[in-house]
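Here is a walk through one protein fold, taken piece by piece. Keep the 3D view open as you read.

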Amino acid sequence: MADRLVYSPLRTALLISVLAVLSSVHGIGVNYGLVGDNLPQPSAVVDLYKSNNIDGMRIFNPNHDVLEALRGSNIPLIVGVEHKDLQPLASDASAATNWVQTNIAAYSPSVSFRYIVVGNEVIPGDLAQYVFPAMQNIQTALDSAGLQVNVSTSVALSVLGSSYPPSAGAFTPEAQTYMTPILQFLASGGSPLLVNVYPFFAYRDNADQIALSYALFTSEGVVVTDGAYGYQNLFDAMLDATYAAMEKVGGADVAVVVTESGWPSDGGFAANISNAQTYIQNLINHVGEGTPRRPAPIEAYIFAMFNENQKEAGTERNFGLFYPDEQPVYPISFV
């Protein structure tokens, strides 16, 4: 375990200032998944992002049709590395160079790349060992190409072995093995950790212990008191548990970007249009406030743009803000 950082009011103030600058240049984005056979053409999707004032896009692989459609759009883009590529990118620096040249340099600067995600929810797991070396090789390739793009990885909250109360947040021993060097790498380069935060799943799996209002940002008062911090919503509690875990392994100076958060409108328990609309609109309205532990604006990405009909049946097909015909599942304001 890395040595804990020493805290002071000055350090805290400086961190909040850095986070505010980081987040002020970007607001709410939306994940653009492609697991469907009836989705609009990428050029139409780019227009849909613009017409709805959506501030950023995340794609899960460097789809060249999407990248072409994004040229000149000025939409900040998060692009993922496919899981099948993690091992070769980790073991071969030339493979990382080729990946960067083919998928990033070929589209820069006409596409506004924001982050490259090396692995989505693979820590802990069989692919976890490849994440850090792949991150290093890709960052080196980007630097060599003169491209100023941050590299990170995206984790689910399964990396936490403890999350309640939020101040007790800690990584599992297996996850910590990987997270400690990754957080040191992110801190050295000024890159954020990318985290997927889903109060929906926490509520669905613990509905006897968690109030729906706490999950939907509609609690009228503090629900959980944790030392000096009071929590009115589950999103903040989950994110602050992540911050606490990071601080315990020397990651106090690493910002967090929420790369996924959403609520399904159909397909299972508590999945309906009313809950989905309430959660998403409240999330959009809330992230500018930050969390009790870090009260600075949060860069966040909603999951997802469309209902995708080739995903697993049930809630997985119903996280979209839009139907494939581009009609909204429910009204949402991004302004």
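The expected span of a helix is 1.5 Å times one less than its number of residues. Hold on to that rule for the helices below. What you see is a predicted model. The protein chain has an average pLDDT of 93, and 92% of the residues score at least 70. Residues 1-26 are the part to treat with care: their pLDDT is below 50. Beyond near neighbours in sequence, that stretch has 41 contacts in the model.

Eight strands close into it, in the order 1-2-3-4-5-8-11-12, and the pairing is parallel. From one strand to the next, the twist averages 25°. As background, strands of a sheet pair through backbone hydrogen bonds, either parallel or antiparallel.

Now find strand 1, at residues 28-31. On one side, three bridges pair strand 1 with strand 12 in the parallel sense. I28 has A300 of strand 12 as its bridge partner. Strand 1 is also joined by two bridges to strand 2 (residues 57-59), again running parallel. There, N31 has R58 as its bridge partner. In a regular strand the side chains alternate between the two faces of the sheet. Strand 1 is covered on both faces. I28 and V30 are buried on one side, G29 and N31 on the other.

Next, move to strand 4, residues 113-120. Strand 3 and strand 4 run parallel and are joined by five bridges. G80 is bridged to V117 of strand 4. V117 in turn has S152 of strand 5 as a bridge partner. Strand 5 covers residues 150-156, and four bridges join it to strand 4, also in parallel. Y115 stands opposite N150 of strand 5. How much of strand 4 is buried? Eight of its eight residues are, so strand 4 is largely enclosed by the rest of the structure.

Within strand 5, pick out T153. Is T153 buried or exposed? Its relative accessible area is 0%, so T153 is buried. The T153 side chain reaches two backbone oxygens: that of V118 at 2.7 Å, and that of G119 at 2.9 Å. Leaving aside neighbours within four places in sequence, T153 is in contact with several residues, including V117, I123, I182 and L193. V131 and M135 are also among its contacts. Both of these are buried residues of helix 6.

Apply the span rule here. Helix 6 has 17 residues, so at 1.5 Å a residue it should span 24 Å; its end C-alpha atoms lie 25 Å apart, which agrees. Its buried residues include A128, Y130, A134, I138 and L142. Among the elements that cover them are helix 4 (86-91), helix 5 (93-103) and helix 7 (173-189). Strand 3, strand 4 and strand 5 contribute to that cover too. After helix 6 comes G146, with a positive phi near 70°.

Helix 10 comes next, at residues 234-248. It packs on the sheet against strand 8 (193-196) and strand 11 (256-261), touching both. The direction of helix 10 makes about 140° with that of strand 11. At the start of helix 10, a side-chain oxygen of N233 comes to within 3.2 Å of the backbone nitrogen of F235. Run the span check again. The 15 residues of helix 10 should span 21 Å at 1.5 Å a residue, and because its end C-alpha atoms are 21 Å apart, the two agree. Helix 10 is mostly covered, with 14 of its 15 residues buried. Just after helix 10, G250 takes a positive phi of about 85°.

Finish with a lysine. K311 sits in the segment after strand 12 (300-302). Is K311 buried or exposed? Buried means under 20% relative accessible area. K311 has 17%, so it counts as buried. Leaving aside neighbours within four places in sequence, K311 is in contact with V35, F303, E316 and R317.

Notes:
Residues numbered from 1 in each chain as written. Predicted model: local features only at pLDDT ≥ 70, side-chain atom pairs only at ≥ 80, totals over all residues. Heavy atoms only, no water. Pairing = 2+ DSSP bridges. Axes fitted to C-alpha atoms, helices over the stretch in contact; angles between N-to-C directions. Contact = heavy atoms within 4.5 Å. pLDDT = per-residue confidence, 0-100. Buried < 20%, exposed > 50% of the residue type's maximum accessible area, 1.4 Å probe, protein only. Polar contact = N/O pair within 3.5 Å; in protein donor to acceptor, adjacent residues only side chain to side chain.
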